[in-house]
Amino acid sequence: MRIRQKYYDAFSCFYDWVIKLHSQDKSLWLRHYLSRKSGVKSTDKVLDLCTGTGALAIILSQYAPQGMVIGLDFSPGMLKKAREKAKALKRKNLYWVVADAAAFPFKSGTFDVITCSHAMYELTGKTRHLALENIKRCLRPGGRFCMMEHEEPKHPFIKFLYHLRLLSMGKEGREIVRHELEELKNIFKNVVKEITPTGRTKLICGEKGN
């Protein structure tokens, strides 16, 4: 884990650029799209899992001005960038927590909405299993989980980068991509997948049962 942590600390310098390259989302339109689709309300408690440099958490804090938004990541380097980006906004409802996706430091039923943008595919093996169980545990009954990931790109170079990412995940990672809907339907209710209007990104949302 320590090696991966150091890798993401270093990667934080290029993270936003890589996400923009994959999604072609230069105006953060997709983050607003995810926020609206999550159904987040003004007083909700929201967790953005694997927040990276905080792009989605910052947007979500606009949708829950009387609530609370926490951006969680295991990389101090990523969260340092997030804090720098958020500093000028002076949002009193936005917080950053260094923690592993497999071990949330939160009580059960804490959050109304949990999101994860362009990071679920990085979680494999026991970490992924524990992360999904923690998402379910930390959602209130009826709470929503929404994840956003890349669809297979058509542009040759970006498609190469996409498959390079899948290759780095190993056989298990590629199986997750093929069977993610079945996996999520075993954990959440009313799981729905849609392709965003850009055609480059997919959004999958589900609810915790009562």
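Is Lys90 buried or exposed? Lys90 is exposed, at a relative accessible area of 71%, where exposed stands for over 50%, buried for under 20% and partly exposed for whatever lies in between (1.4 Å probe, protein chains only). The structure is a predicted model, so to speak of local features takes a pLDDT of at least 70 and to count side-chain atom pairs takes pLDDT 80 or more, while totals for chains, interfaces and linings use all residues. Numbering runs from 1 along each chain as its sequence is written, and side-chain values rest on heavy atoms, with hydrogens and water left out.

Lys90 sits in the loop between α5 (76–87) and β3, and has a positive phi of about 55 degrees despite not being a glycine. His118 also isn't a glycine, and its phi is positive at about 55 degrees. This residue lies in the loop between β4 and α6, but at 4% relative accessibility His118 counts as buried.

On the whole-protein level, there are eight helices and seven strands, with helices (H or I, at least four residues) and strands (E, at least two) taken as DSSP runs and numbered from the N terminus. Buried residues make up 49% of the 210 residues. Of the contacts with a separation of 6 or more, 74% come from residues 24 or more positions apart, a contact being heavy atoms within 4.5 Å.

Now for the sheet. It is open, has seven strands in the order β3-β2-β1-β4-β5-β7-β6, and its pairing is mixed; two strands pair if DSSP finds at least two bridges between them. At the edges stand β3 (94–98) and β6 (189–195), each with a single partner strand, so one side of each has no neighbour in the sheet. Neighbouring strands are turned by 15 degrees against each other on average, direction ignored. Strand β1 (residues 45–49) runs parallel to β2, and five bridges join them; here Leu47 has Ile70 of β2 as its bridge partner. Another five bridges join β2 to β3, again parallel, with Asp73 partnered by Val98 in β3. Strand β2 (residues 68–73) has five of its six residues buried, so it is largely enclosed by the rest of the structure.

Helix α6 (residues 125–138) touches β1, β4 and β5, its direction making about 140 degrees with that of β5. Angles run from 0 to 180 degrees between N-to-C directions, and axes are lines fitted to C-alpha atoms, for helices over the stretch in contact.

Then there is the helix pair. Helix α3 (residues 29–38) and helix α4 (residues 55–63) pack at an angle of about 50 degrees, their axes 9 Å apart. The two are therefore oblique to each other, oblique being what is left once angles under 35 degrees are called roughly parallel, over 145 roughly antiparallel and 65 to 115 roughly perpendicular. From α3, the contact is made by Arg31, His32, Leu34, Ser35 and Arg36, and from α4 by Ala55, Leu56, Ile59, Leu60, Gln62 and Tyr63. By class, that contact has six nonpolar, three polar and two charged residues, with Ala, Val, Leu, Ile, Met, Phe, Trp, Tyr, Cys and Pro as nonpolar, Asp, Glu, Lys and Arg as charged, and the others, Gly among them, as polar. The buried residues of α3 are Leu30, Arg31, Tyr33, Leu34, Ser35 and Ser38. Just after α3, Gly39 takes a positive phi of about 75 degrees.
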